[in-house]
Amino acid sequence: MADKMSFEQSLGRLDEIVRHLEKGDLPLSDSLALFEEGTSLLASCSAMLDEAEQKVVKLRKGADRSPEELPFTDEA
Amino acid sequence: MERRTLTVTELNAYVKDLLGQDPALMNVCVRGELSNYKIYPSGHHYFTLKDQESSLKCVMFRGSASKLRYRPENGMGVTATGRLEVYVRDGVYQLICTSLMPEGMGDLQVAFEQLKAKLSEEGLFDRAHKKPLPEMPGRIAIITSSAGAAVHDMIRILGRRWPMSKVILLPVRVQGVEAPPEIAGAIRYANEFQVADLIITGRGGGSLEDLWAFNDERVARAIYASQIPVISAVGHEPDVTISDYVADRRASTPSNAAEIAVPDQQEMREALESYGIRSRQAMEKSLRVAAQRLDALRNKRVLTEPGAFLDSRRLDLDRLRDRLLASEERQLAEKRQRFVKLGASLDAMSPLRVLSRGYALATGREGKPLRSVRGLAKGDEITVRFQDGQAACRVEQVQEGEERYGR
């Protein structure tokens, strides 16, 4: 589940979870479930940061005007 | 010397030739104030240059006029360059102006101020129109030259801060007459095909001339029309362009644009860590609170003295049973009463009750009730029933007709 979420979505959910936990008005079993969800979101966010590799492409207008991606070669 | 009479045309043509031979008048620079400025549908510009005491008619033909980068206005101090020429038909001379430079400021500066005032008037710089930038853009379009330091600085900084964003370069010229339509076209293209969540457009520093494309009205309008938020990143810190005013966000340099565009992963890791700490602390606190509640429950009577708890429940049960029985009895009494009432009304309908009021019932053979005297004859034997018994009788006389009751 968490893998399908974007970083931004995961972060938003994480924020929600932490606020909920901090309110402390949940049954213990719900708190535990949230805590586990938060822990796995944290892990997946960290993994996304660790594994991210910058992609750079150059865009060209294709024959039908639609964009075509080309590798960007350093011209400096 | 013989004096020859000339035609008007001949004289005007002669003066034209004479003036035409003076090299000083072939390329003259004259300073004055613009007045009576008119642009004809032909594209030629007509105006008068004047100072305190004198005035000079001027014309700027379409070719030269199209090179003007600002809009000449009446009252503006200018220096006009051109050649003096006689207009033979009217016998007047005028300056054929090839260039018209504003005094005090450069023409680009004037053009900049004019466009800024115009677009500001139109609302292109309004705060209300500015779109918020996405916090973590998945795709960033960079519209600039694919050569030059600017693009490399941006790619490097974006990669260091937030490698999750894909960088999409739309290469354009950023200098020269082709630059404005290319930049504006790329902004429109990025929108048409939704190639990015954020656009950065700009270039490294240079002279006002070098940055001119970003002071172009077409570029300004393309930025204004963009549905994708735009960061303008032109030149060095003090350079401000029209693009900067109209963009959703102004960056002081291209590198600064890259910093504005994405979060910093280092800060993000710290934020994640703090989320981790907070959620652990909150969880620990919940567990502590739960443990305390458990202790409190343990000390309650139901757990410490389960026998007493059961006794009190037993009492409750007895009370409930009493109430139930009482309610059943009440219902039974009500039913009984209804039964008695019904019996009474049945009794009222009984034929025996009728007999008790003094009526008698005559029956014939086989015990059939006699409803009529017809069919009876003297000597017939009938039975008459009373309330308390019956009598066997014989008919003495039959009389028809009288005493009919009802039907």
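**Entry 1: helix α1 of chain A**

The model is a predicted one, in which local features need pLDDT of at least 70 and side-chain atom pairs count only at pLDDT 80 or more, while totals for chains, interfaces and linings use all residues. I number residues from 1 along each chain as its sequence is written, and I take chains as lettered from A and ligands as numbered from 1 in the order in which they are written.

Helices (H or I, at least four residues) and strands (E, at least two) are DSSP runs, numbered from the N terminus. Helix α1 of chain A covers residues 7–23, and its 17 residues reach 24 Å from the first C-alpha to the last, close to the 24 Å expected at 1.5 Å a residue, where the expected span is 1.5 Å times one less than the number of residues. On its buried side I listed Ser10(A), Leu11(A), Leu14(A), Ile17(A), Val18(A) and Leu21(A). Seen down the helix axis, the buried residues of α1(A) fall within an arc of 125 degrees, so they line one face of the helix; the arc is that of the directions from the axis to the C-beta atoms.

I then asked what these buried residues of α1(A) pack against. They pack against α2 (28–51) of chain A together with α10 (265–298) of chain B, contact being counted if the C-beta atoms of two residues, placed from the backbone, lie within 7 Å. Just after the helix, Gly24(A) takes a positive phi of about 65 degrees.

**Entry 2: chain A as a whole**

I noted two helices and two strands in chain A, running α-α-β-β from the N terminus on. Buried residues make up 18% of its 76 residues. Among contacts in chain A between residues at least 6 apart in sequence, 37% join residues at least 24 apart.

The strands β1(A) and β2(A) run antiparallel and are joined by five bridges; two strands pair if DSSP finds at least two bridges between them. Glu69(A) in β2(A) is the bridge partner of Leu59(A). Five residues lie between the strands of this hairpin, and Arg65(A) takes a positive phi near 75 degrees there. I found β2(A) hardly covered, the count of buried residues among its five residues being zero.

I followed the strands across the chain boundary and found an open sheet of seven, with mixed pairing, in the order β2(A)-β1(A)-β7(B)-β6(B)-β8(B)-β9(B)-β10(B). Its edge strands, each pairing on one side only, are β2 (67–71) of chain A and β10 (249–251) of chain B. The twist averages 30 degrees from one strand to the next, with axes as lines fitted to C-alpha atoms, for helices over the stretch in contact, and angles running from 0 to 180 degrees between N-to-C directions.

Where the chains join, strand β1 (residues 56–61) of chain A pairs with β7(B) in the parallel sense over three bridges, and Val56(A) stands opposite Val167(B). I also saw that α5(B) lies across β1 of chain A together with β6 (139–144), β7 and β8 (198–203) of chain B, running at about 165 degrees to β6(B).

**Entry 3: the interface**

I recorded 32 residues of chain B in contact with 30 residues of chain A. On the chain B side, the elements giving two or more residues are α5 (149–161), β7 (166–171) and α10, and α10(B) has the largest share, 14 residues. The residues of that side divide into 20 nonpolar, seven polar and five charged; Ala, Val, Leu, Ile, Met, Phe, Trp, Tyr, Cys and Pro count as nonpolar, Asp, Glu, Lys and Arg as charged, and the others, Gly among them, as polar.

**Entry 4: the barrel of chain B**

Last, I looked up a closed barrel of five strands in chain B, which runs β1-β2-β3-β5-β4 with mixed pairing. Ten bridges join the antiparallel strands β4 (residues 77–87) and β5 (residues 92–102) of chain B, and Val78(B) stands opposite Pro102(B) in β5(B).

Definitions and conventions: Buried ≥ 20, exposed ≤ 12 C-beta atoms within 10 Å, placed from the backbone.
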